[in-house]
Amino acid sequence: MMRTLVLATLLVAGSLCAAEPDKRDPREHFFTQTFGDLPEEMQLAREDGKLGMLLFFESENCSYCQFMLNKVLSDRRVQDWYRERFVNIAVDIHGDVELRDFDGITLPSKIFAEHRRIYLTPVVSFLDLDGLEIYRHLGMVKTPGEFMILGEYIEGRHYFDTEYEVFAEQHGQDKREKILMTPAGESE
């Protein structure tokens, strides 16, 4: 009887886990729905006890951005971890969506990106609670695990004393993964 109860419990728990997909739409589950008022979003982050803000600079035709959206930012573990610690905002470097910057000026996202000297994508920019950039990661992050290492690097404030590449290698990021990979060459 006890074995049957344990087996039934495991089956129910397994079916509940199977019902929750490991991948979810990053536009809904990773990024914060925003009206573009960055100071207001940062105030909410402060009130919620978050570390700051993550700006994901992207462009519509960027295959590396699409790769990150589909393979990295869609991961449930990445979404939950980052949303707990950061306000995550997507910024289209060619877009016209208006953003209010920390100096109170409202600009189209393409001008906002230009003011921050973002010309290529993807770029992940981490801002502290005062709106100051504390770290900028240039280029594609290839795996959810690598993106989690990047988050731990920021959360632990390791950018003060350790280069990211050194930190990543110390935390299991294999040097071979640094070989340039094009999303078009990626197999499903």
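Which residues lie nearest the centre of the second largest pocket? They are Thr 34, Ile 89, Ala 90, Val 91 and Val 97, out of 16 lining residues.

## Model basis

This is a predicted model: local features need pLDDT of at least 70, side-chain atom pairs count only at pLDDT 80 or more, and totals for chains, interfaces and linings use all residues. Numbering runs from 1 along each chain as its sequence is written, and side-chain values use heavy atoms, without hydrogens or water.

## Second largest pocket

The volume is about 300 Å³. A pocket here is an open set of points on a 1 Å grid over the protein atoms alone, where a 1.4 Å probe fits, with protein on both sides within 12 Å along at least five of seven lines; lining residues have an atom within 4 Å of a point. Volume is the space filled by probe spheres set on the points.

Strands E2 (86-92) and E3 (98-100) each give at least two lining residues. E2 has the largest share, with four. Strands are DSSP runs (E, at least two residues), and helices are too (H or I, at least four). The lining holds seven nonpolar, five polar and four charged residues.

## Helices H4 and H5

Buried means under 20% relative accessible area (1.4 Å probe, protein chains only). In H4 (residues 63-72), Cys 65, Phe 67, Met 68, Leu 69 and Val 72 are buried. Their cover includes H2 (26-29), E1 (52-58), H5 (76-85), E5 (123-127) and H7 (144-155).

H5 buries Arg 76, Val 78, Gln 79, Trp 81, Tyr 82 and Arg 85. The elements covering them include H4 and E2. At the start of H5, a side-chain oxygen of Asp 75 comes within 3.0 Å of the backbone nitrogen of Arg 77.

Terms used. Ala, Val, Leu, Ile, Met, Phe, Trp, Tyr, Cys and Pro count as nonpolar, Asp, Glu, Lys and Arg as charged, and the others, Gly among them, as polar. Buried means under 20% relative accessible area, exposed over 50%, partly exposed in between (1.4 Å probe, protein chains only). Contact means heavy atoms within 4.5 Å. A polar contact is a pair of N or O atoms within 3.5 Å; within protein, one must be able to donate a hydrogen and the other to accept it, and residues adjacent in sequence count only if both atoms are side-chain atoms.
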